[in-house]
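Keep the 3D view open as you read.

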Amino acid sequence: MLDEGLLIVLSGPSGVGKGTVCAALRAATPQLVYSISATTRAPRSGEKDGVNYFFKTKEQFNDMIKRDELLEWAEYVGNFYGTPKSFVEQTIKSGKDVILEIDVQGAMKVKEKWPSCVCIFLAPPSLQELRQRIIGRGTESDAAIRHRMATAAEELQWMKQYDYVVINDQIALACQKIQAIVLAEHCKKERMFGKFAGLLHEVTRQKETSK
Ligand code: 5GP
């Protein structure tokens, strides 16, 4: 039987660099599959439907909720975001690891529904650095920056609910740390027991028959 993949949840405040870290991770780790979220937010310049997000109207998003097509969904700074469920389930069943890049509310919901998921919090080196990154992105109005900074301060308080914290001071280093976490998680004894159950059973049986 094929081993199932891992569900990895990556969160962190807006502007911390989740998108950049995820892109670098995907390029370096082909067996890590990125889940594309649905959102009611308008596309930013350069963003493409079906690549960055599935861009939906509020009505379309509500229909997805009604049809139970989302593993989780949340409202974030006035827009709705959600994870399409069937893609995640099918990919994990096929043996590949899936990474969700979602906010803290969504992460907590996934943790409840999928207890074996691995939650990683990507933290900024400091709040000042975070502010600079959001301003530097140049895509947000002043009001949106203030709103995102206030949300970021709240989000940081959720860090302790996560399994791992990775500080994003250098993208390459943050990626290496996440790859190391994923590798270690695959070696967890709980995940290996299934593989060795038959072997252990055989050893015990042989011991008993040789008595
Ligand atoms: P942005 O508008 O900057 O692309 O994303 C805003 C926030 O929504 C980020 O924290 C991002 O991780 C989060 N987000 C993106 N997709 C999802 C999703 O499917 N579910 C949830 N709960 N949050 C998401």
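Asparagine 52 sits in the loop that runs between strand E3 (38–39) and strand E4 (54–55). Please keep in mind that the model is a predicted one. With a relative accessible area of 28%, asparagine 52 is partly exposed, because that value falls between the 20% limit for buried and the 50% limit for exposed. Not counting residues up to four places away in sequence, asparagine 52 touches Ile36, Gly46 and Glu47. If you look along to asparagine 62, you move 10 residues in sequence from asparagine 52, and the two C-alpha atoms are 20 Å apart in space.

Now turn to serine 37, which is placed in the loop between strand E2 (32–34) and E3. Is serine 37 buried or exposed? Its relative accessibility is 7%, so serine 37 counts as buried. Once neighbours within four places in sequence are left aside, the contacts of serine 37 are Tyr53, Phe54, Gly82 and Pro84.

From the loops, let's move to the helices. Leucine 130 belongs to helix H5 (residues 127–137), and its relative accessibility of 0% means that leucine 130 counts as buried. Which residues does leucine 130 contact, leaving aside its neighbours within four places in sequence? They are Pro13, Ser14, Gly15, Val16, Pro124, Met149 and Ala152.

A pair of packed helices is described by the angle between the axes and by the distance between them. H5 and H6 (residues 142–156) pack at an angle of about 145°, and their axes are 11 Å apart. The crossing of H5 with H6 is right-handed.

A second pair is formed by helix H1 (residues 18–28) and helix H7 (residues 171–186), which pack at an angle of about 60° with their axes 9 Å apart. That angle makes H1 oblique to H7. The crossing of H1 and H7 is right-handed. H1 contributes Thr20, Val21, Ala24, Leu25 and Ala28 to the contact, and H7 contributes Ile171, Ala174, Cys175, Ile178 and Gln179. How does the contact of H1 with H7 divide by class? There are eight nonpolar and two polar residues, with no charged ones.

Finally, step back to the protein chain as a whole. How many helices and strands does the protein chain have? There are eight helices and nine strands. The C-alpha trace spans about 80 × 40 × 30 Å along its principal axes. Of the 211 residues in the protein chain, 41% are buried. Among contacts between residues at least 6 apart in sequence, 69% join residues at least 24 apart. The accessible surface of the protein chain comes to about 12000 Å², and 55% of it belongs to carbon and sulfur atoms.

Note on methods:
Residues numbered from 1 in each chain as written. Predicted model: local features only at pLDDT ≥ 70, side-chain atom pairs only at ≥ 80, totals over all residues. Heavy atoms only, no water. Axes fitted to C-alpha atoms, helices over the stretch in contact; angles between N-to-C directions. Helix = DSSP H or I, 4+ residues; strand = E, 2+ residues; numbered from the N terminus. Parallel < 35°, antiparallel > 145°, perpendicular 65-115°, else oblique. Left-handed = near helix turned anticlockwise from the far one by under 90°. Contact = heavy atoms within 4.5 Å. Nonpolar A, V, L, I, M, F, W, Y, C, P; charged D, E, K, R; others polar. Buried < 20%, exposed > 50% of the residue type's maximum accessible area, 1.4 Å probe, protein only. Areas by Shrake-Rupley, 256 points an atom, 1.4 Å probe, with all protein chains shown as cover.
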